[in-house]
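Hello,

Here is the structure we discussed. My notes follow below it.

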Amino acid sequence: MRGPAIVFDEVSLQLGGTKVLDDVSFRVEAGALHCLVGPNGGGKTSLVRALLGQMPHSGTVRVEGEVTTPRGYVPQLPDFDRNVPMTVNDLMALLGQRRPAFLGSNRAAKAANAEALARTGVAGLGAKPFGSLSGGQRQRVLLAQAISPAPWLLILDEPTAGIDEPGVRLVEALVAELHGRGVTILWINHDLEQVRRIAQSVTVINRRVLFHGAPDQVAYSLEGAQ
Amino acid sequence: MSALYDFIRNHLQALAASGLLPQPFEYEFVINALLCAVLIGPLLGVLGSMVMIKRMAFFSQSVGNAAMTGVAIGVLIGESYTSPYFSMFGFCLLFALTLKYTQHRTTLANDTLIGVFLSISLAVGASLLLFVSAKINTHVMESVLFGSILAVDHTDMNVLLGVTALCALLGLPLYNGMLLASLNPSLAHARGVRVRSVEYLFVVLVTLVTVACLKIIGAVLVEALLLIPAAAARNISRSLPGLVARAILIATFSCVVGILAPMQFHIPVPTGGAIVIVAALVFVATTVMRATASRFRGASV
């Protein structure tokens, strides 16, 4: 079984009168590990939010052949309010169960969450307040929630930002394992070296699509695009 | 429901007559108010903790104040001036939903927009009160503003019970989605939460609870009881279950003590004021606990 394909067809998007995306069209193949690259402000996160249904846009975003499991999504770190009294376990419960999170989790959900946290290398942090974690630890927790329950479509918005080198290797290995199982992965990434190392296909955008193809053909540098 | 209320009241009054319960339990209005309190406490505890997390304190305050305009409209169109629920629910829901709708379509900061809506609502309410002042005495408005246990009847209890049931039915299954939508809308979208819909639902729930609690706590102070127990609980909580459980306990404790203490010690204060003062004392205590006890310093962040 493989994850769904994603089709962006003439997607345009404006924010406060500024055109953020202009006629963006490309396809992410089913089961691909696809990286989205581009300069800051180039519209990568906006495109992902359009995919999630959060941003009004023109054009179409289609997810072809999606199965019923929820989409895994790792947001950019600054998006989270750190001042909420919420442990890592609470956050996992909030994201992964129908039962109100303030009533706690059942045994099966607790076990699944603990396993996901262990897979991202933060097994002992379940009882810690989420807001008290370091940036790298929080990023790993956000990755853990994205893989529990196992998704068929995983969307990563700079998941290795703020993570140390062993953490980066762990994330890469985890993503490679999911990719090996057929999960479609769309990864916003700034590290071109990492992109060439792990990605199957790449799209470079800066409001428009500048490049779409194999990672070894990316004749591109962030400075050049800016 | 009246039979159930009578059954509970008769038993409590019998216990009070035999000296097992304090003397205020001999009065019907005290028992009515206490029955309301055991519904209001959990309701405000759960909802209040979410209001605090979603940073909607000013919003709930504005809904409470809009209820005064609702009362004025109710009296004007001929509703019972002691229970103008149709106008209060109608106007407050209209106020809250219009405010939310406008929030989604403007770049103004939330507090600015709420301030504008609150001012408009108060201006309309004050103007209408001038017309209806001849029809009602000042005690009616006093009970709307600051709450009065003397005014609580079976209709009020039924309304509160209905709102509690509705909140449990709609709010509990969508609790995670409502909280997630404010913590991180993108994550909520990814998990299939209809962010816009649950935001509107939350606004409706806050409005219903605010109006349903008016008779006990009053329009001016209902927001305080929504917020203070949650804020007090947050001082000493590290987790979401801890926060909500403590907020429920503190809200219920404040309601019960706020109703009974003035009766027991013959202190002539409005119920709403007494309840909020008790909650405020608990808040002060938890603030001191957080500042002095090392185990609470790490509570929340």
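Two strands pair if DSSP finds at least two bridges between them. Helices (H or I, at least four residues) and strands (E, at least two) are DSSP runs, numbered from the N terminus.

Residues are numbered from 1 along each chain as its sequence is written, and chains are lettered from A and ligands numbered from 1 in the order in which they are written. This is a predicted model: local features need pLDDT of at least 70, side-chain atom pairs count only at pLDDT 80 or more, and totals for chains, interfaces and linings use all residues.

Start with strand β7 of chain A, residues 184-188. β6(A), residues 153-157, pairs with β7(A) in the parallel sense over five bridges. There, Leu154(A) stands opposite Ile185(A). β3(A), residues 33-37, also pairs with β7(A) in the parallel sense, over four bridges. Here Cys35(A) has Trp187(A) as its bridge partner.

Five of the five residues of β7(A) are buried (20 or more other C-beta atoms within 10 Å of their own, with C-beta atoms placed from the backbone). Thr184(A), Leu186(A) and Ile188(A) point one way. Ile185(A) and Trp187(A) point the other way.

Now the interface. 30 residues of chain A are in contact with 27 residues of chain B (C-beta atoms, placed from the backbone, within 7 Å). On the chain A side, α1 (44-52) and α2 (88-96) each supply at least two residues. The largest share, three residues, comes from α2(A).

Best wishes

Methods: Two residues are in contact if their C-beta atoms, placed from the backbone, lie within 7 Å. A residue is buried if 20 or more other C-beta atoms lie within 10 Å of its own, exposed if 12 or fewer, and partly exposed in between; C-beta atoms are placed from the backbone.
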